Amino acid sequence: MAAAEAAARKRRPKGHFAAAAGRAKRPRGGGRQLEAGMRGILITCNMNERKCVGEAYSLLGEYGDQLYGPEQFSDQEERLSGSEREEDEDDVEAALKKEVGQIRASTEQKLRRFQSVESGANNVVFIRTQGIEPENLVHHILKDMHATKKKKTRVILRMLPISGTCKAFMEDMKKYAETFFEPWFKAPNKGTFQIVYKARNNSHMSREEVIKELAGIVGSLNTENKVDLNNPQYTVVVEIIKNVCCLSVVRDYVLFRKYNLQEVVKNNKDDTQKTPSSLAEEQNSKAVKPETEEEEKSSEEKKENENQGETEAEPKGNDVLTV
């Protein structure tokens, strides 16, 4: 009996232990986590993260092909899988090392255009992007959905482009922002702006301090940069998750309903008669109310807030920059 069990163990297929170890250590998001230095798209969803990732891949793939052409895949993975048959079956240690090396090489040489990574927060998905401009892609998606009023997702709520990330500590953020803001705000470039802030699973950052410091940096790049809560040209989005700060500068934030895919396709009364300016004025008239109040009108967003399970550094008042 003991001899039969020993023989069975010896006959286990190549890579068995490596595969088991990989499954045990691999977190959600394909083995990667959101970290400083990444670019991508931050997506909030209504509880079902797995379905959200599927919807995101479908939507991003559709519009990504429109803007950048079909994604080109490498055949490196196929060559690697074929070479496995040439391994020496008797040398288990060499086979294990070779398999680990092949996995690393495959990951390095086949970077996908869109790849889900672990965000670090419930009901939040982060799609890392490769070789594209996140802000241009997301703006293109929202512009098309706003024009056609065609609903294309069920569980995705907001879709925010993340053009840069850094460590969520004040000194790191200030140093990073000085360079990050230059394309939009450094002279001779200028524009009106507002800042919106959200923190998840982070309690050491002060909302007021972050907004004050970032607004000061924008002002120092060009004294003609002015705050405008009615109809700003740019909205600076600050999303903090654990110890990572995600930054972006987006256009048409008010027109596209805070980049909410469920809201942007709705045909509210008189919506067809409204211009971006009139939408902004309507938004500004609610400035004394919390930002989340409008979102709470959506039952889907209610579920997100009720099930978030996160520590959020949100104020009792409006979370946009006021001066």
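I began with N201, which counts as partly exposed at 29% relative accessibility (partly exposed lies between buried, under 20% relative accessible area, and exposed, over 50%, with a 1.4 Å probe and protein chains only). N201 is not a glycine, yet has a positive phi of about 50°.

A note on the source: this is a predicted model, where local features need pLDDT of at least 70, side-chain atom pairs count only at pLDDT 80 or more, and totals for chains, interfaces and linings use all residues. Residues are numbered from 1 along each chain as its sequence is written, and side-chain values use heavy atoms, leaving out hydrogens and water.

I placed N201 in the loop between strand 6 and helix 9 (207–221); helices (H or I, at least four residues) and strands (E, at least two) are DSSP runs, numbered from the N terminus.

Next I looked up K258, another non-glycine residue with a positive phi, near 60°. K258 is buried, with a relative accessible area of 7%, and sits in the loop between strand 9 (244–250) and helix 10 (276–284).

Then I checked the peptide bond joining A187 and P188, which is cis, with omega about 10°. I found P188 in the loop between helix 8 (182–185) and strand 6 (192–200). A reminder to myself: most peptide bonds are trans, and most residues other than glycine have a negative phi.

Just after helix 3, G69 takes a positive phi of about 85°.
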